[in-house]
Amino acid sequence: MSEPAVLPEGWEMVIGLEVHVELATATKLFCGCANSFGDEPNTNICPTCLGLPGSLPVANEQAVEYAMQLGRALNCTVSRSIFARKNYFYPDMPKDFQTTQYEEPTNSEGFVVLPDGTSVGVERAHIEEDTGKSTHLGGGGRIHDATATLVDYNRAGVPLVEIVSHPVMHDAETARAYVAELRDILLVTGVSDARMEEGSMRVDANVSVRPVGSDELRTRCEVKNINSLRSLGRAINYEARRHVDLWTNGESPRQETRHWDEDGGRSTSGRSKEDADDYRYFACPDLPPLVPTQADIDAIDAAMPALPAARRAALAVAAGVVVADTALTVERGLDVLVIAAIDAGADPTAAMKHADQNLSDGQGQLTPATFAALVAMESEGTLSSTQVKTVLGELVTNGGKPADIAATMGFEAMDTSELETLLDGIIAASPDEWARFVEGDRKVQGHFVGQIMKATQGKADGKVVNQLMTQRANQG
Amino acid sequence: MSSAFELAAAIRAGEQSAVAAAETSFDTIDGRDEEIHAFLHLTKQRAQAQAEAVDKAVAAGQDPGPLAGVPIAIKDNMCTRGEPTTCSSKILEGWRPPYDATVIGRLEAAGAVIVGKTNLDEFAMGSSTENSAFGPTRNPRDTSRVPGGSSGGSAAAVAADFVPLSLGSDTGGSIRQPAALCGVVGVKPSYGAVSRYGLIAFASSLDQIGPFAHDVTDAALCLDVISGHDPRDATSIPIALTPTFPTVNDGVAGMRIGLIDELMADGIDDDVIARTNQAAEALTAAGATVERVSIPATIYGLAAYYLIAPAEASSNLARFDGVRYGHRVDGQNVAAMNVATRSAGFGDEVKRRIMLGTYALSSGYYDAYYGKAQRVRTLLADEFATAYEKFDLLLSPTSPSTAFEIGAKSDPMALYMCDVCTIPSNLAGHPAMSVPFGVGDDGLPVGVQVLAPMLEEAKMFRAAKALEDAAKGMS
């Protein structure tokens, strides 16, 4: 069951994630240019997002509202916030400072509950502007040895929220689950389209290691250029192992930014953080503070759609299962259907089983009422499980009433006496197998069930056949 | 030269043409600006087109606006579409903005005719207009003297009768001090009263655009045109400023006016103090009550200003990196290009302030410098608020001295002291204006400063007009 350990015994990973998400606004954070991915370079630009002399920013109200919505969805405190300037030179940053939030972010101290019940603390979720996009020609595709650099400013000024977790995750799987959960929250709230491949959701991993049992925080490295959940897991495991190797050899990692090389399966050194820029943060004098009122926050809460964690909890209660077992159903968006079907009398276990096993493409035309009716027919033994699956498929595709569909398909429940006669015949034809079954060898069970199904063209209920066989064996 | 008000009235009545007024302005400039050097660039085509449009509107029976056909000069740190906008810096030489500052649009919508862009201390950093990459401006009252700064070109353009109106920007006194030294009226409005959109930022929390004029009435006329909410400037006040022009002659009877102790002390020349005392007497004679008031934090204003303004400037001026516009000096890589461009493109004073500001914001120094300066700013605002519980307006000198000789103040600290009287209003965000009030011992103009609480421009203009009337009676 357990996979091979990623780290040698006695070592523990410490992971914190910085997740940048592009907000799904129509326009940029501080100007009226379109916030649009994939357009011809340098077409969605104006004096403000180009940082031309004399231009000024004005905060996009929709972006601020989305950011606050996201903050509430992450269980953060939403408070008065100020924009700050982060000063450093880079050609794709038009003003040579990034407008972000520093000392007073819009959202602080929240948490995300993962499907397995783990709660991951969120330190802050602040608003900032995106930079342009550089393409370095020649050299190794890095700015230092490039012969020329092309810059596309379409992305400059696109609204971002940076969600910073506390360093509280200890394995790659949890980190992946956290990012997957964030993605679900972003999609449910509609705040971002959260596409890692297109860069509208970007994950940087801060990774360090420590001896198990210690609570120290050792030197961390920030791994960038992670473009998928798969990469995230690989990058974290690689980086953690690299750190353990260094510590074990009596060396120590340098605090630095590293670049994940997906093809090579390794991280490479970027710029060192020891001689990192002093960003000289200060409050941006061009932008007044954002001051949400309690009424604003109440309105956001009132309009909040049901979030994945709450939906899992509700489904767990309704279905009488542990929360971890509700993840798939909620991820597929089938929780509302299942709860309604249970309310309409469906057997919870059966409803959950079908949601997990037979509804991977969604509910289609299936309604809570027809779902409940079908599950009832199954529980009563009116239909075999194979028949139920077929009827369910028909309900999803075309809708209708389960009883009508079963009748149309000729799925009549078989008389038990008929089955008993059939079973007697098969026992007589294969005495050796039957003797083994009586002695407790369950592997031969399939032999009998298969023969009966063949004879009845699948109309028999496998469960009933199993019961009959057990009864007969017990009778000697 | 007739006033802006009279000229606009004549043009609106069809008695004079806007095209002729523009020609007169350009002729006057041609006659004397080689000596004065108020202008860096003349916008003749744009002026011609605008003047023709004004004349056509008048001929068609339409009203082109309160500044119909009035020639106006613009400090060269405000963006004018398609026209050079340099901030008197080599780093922006040749750059032509693709857009107009909000004030430009407002002026032209009111019928004003923009004739050119005026000289300034590079990026508005200075008090003498000597720190221009394109050479200094001379004071029209005495061409061996500086016009003050940083809006020295705009002040000189009015003082030399090139134009009846001009716009400057005031970060620590850059409108009021040159107005005083050139003997014209200069106004720094409340922070947020006039849009900064298109004003190339020096220190964003202090910068404010305002007018120069020969007289208080013209300044009021111009301020009423350029003020007002602008959705493109998030620091723009969302309400309209009470118009100043209609009440400019309402007088000061019953007003309580405080004369600031700390600005009537050492460091201010005796002749300037004498004129300011006379101004106080003139206001008393006009029906106001004038009393001395102490605002102790004003003496820390200069120190706070020279931390806050450079700090903001160090960030605002980062964008001049050679990547997108303006001057570029090539280098081995992007960082080397940035360094070479900025080393060649900025003058010494700009570099000095960028370094000061960078230091003030640095990690480990922020609290001791920038943080403390911001606390002084709060303290100053509190002390002003207390003073304004008792007084309607405050009074002080505008500049510690009259215009000084070109080259006389080579020590940066000596120049910084020029702004000691004007800086407190910028730190508080309050309006203040300078009005000519007689001359000093050297026969050069003295300006007195009227300070007002936030958005009380109308009241401030009434006192300024009373002083102007009294000064006329003196000479």
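How high is the mean pLDDT of chain B, and what share of its residues reach 70 or more? The mean is 97, and 100% of the residues of chain B get to 70 or more; pLDDT is the predictor's confidence in each residue, from 0 to 100. The model as a whole scores ipTM 0.96 and pTM 0.90. This is a predicted model, in which local features need pLDDT of at least 70, side-chain atom pairs count only at pLDDT 80 or more, and totals for chains, interfaces and linings use all residues. Residues are numbered from 1 along each chain as its sequence is written, while chains are lettered from A and ligands numbered from 1 in the order in which they are written.

**View 1. Chain A, domain by domain.** Chain A splits into domain 1 (11-302), domain 2 (308-408) and domain 3 (416-475), with bounds that come from an automatic or database domain assignment. Domain 2 and domain 3 of chain A have C-alpha centres 29 Å apart. Where they meet, domain 2 of chain A puts in 4 residues and domain 3 of chain A puts in 7 residues; two residues are in contact if their C-beta atoms, placed from the backbone, lie within 7 Å. On the domain 2 side, the tally is no nonpolar, 4 polar and no charged residues. Here Ala, Val, Leu, Ile, Met, Phe, Trp, Tyr, Cys and Pro count as nonpolar, Asp, Glu, Lys and Arg as charged, and the others, Gly among them, as polar.

**View 2. Where chain B meets chain A.** On this interface, 34 residues of chain B are in contact with 28 residues of chain A. Elements giving two or more residues to the chain B side are α9 (298-316), α10 (334-345) and α11 (348-361) of chain B. Helices (H or I, at least four residues) and strands (E, at least two) are DSSP runs, numbered from the N terminus. The largest share of the chain B side, 3 residues, is from α9(B). Sorted by class, the chain B side holds 17 nonpolar, 10 polar and 7 charged residues.

**View 3. The nonpolar cores.** The largest nonpolar core has 225 residues, and those touching the most other members are Ala205(A), Ile72(B), Val113(B), Leu283(B) and Val450(B). A core like this is a set of buried Ala, Val, Leu, Ile, Met, Phe, Trp, Tyr and Cys residues joined through C-beta atoms within 7 Å. A residue is buried if 20 or more other C-beta atoms lie within 10 Å of its own, exposed if 12 or fewer, and partly exposed in between, with C-beta atoms placed from the backbone. Helix α9(B) gives the most to this core, with 9 residues. A second, separate core of 30 residues includes Val338(A), Ala351(A), Phe371(A) and Leu392(A).

**View 4. Helix α4 of chain B.** Helix α4 (residues 102-109) of chain B has 6 of its 8 residues buried, so it is largely enclosed by the rest of the structure. The buried ones are Thr102(B), Val103(B), Ile104(B), Arg106(B), Leu107(B) and Glu108(B). They pack against α3 (44-59), β2 (71-75), β3, β4, β6 (208-213) and α7 of chain B. Just after the helix, Gly111(B) takes a positive phi of about 95 degrees.

**View 5. Ser227 of chain B.** Ser227(B) sits in the loop between α7 (216-226) and β7 (256-260) of chain B. It counts as buried because 27 other C-beta atoms lie within 10 Å. Not counting residues up to four places away in sequence, Ser227(B) touches Pro189(B), Ala193(B), Val194(B) and Leu241(B).

View 6. Most residues other than glycine have a negative phi, and most peptide bonds are trans. The peptide bond from Gly149(B) to Ser150(B) is cis, with omega near 10 degrees, and Ser150(B) lies in the loop between β3 (113-118) and α5 (152-159) of chain B. Arg280(A) has a positive phi, near 45 degrees, and belongs to the loop between β13 (266-272) and β14 (282-283) of chain A. Asp161(B) also has a positive phi, of about 65 degrees, and is found in the loop between α5 and β4 (165-170) of chain B. Arg280(A) counts as buried, with 24 C-beta neighbours inside 10 Å, while Asp161(B), with 15, counts as partly exposed.
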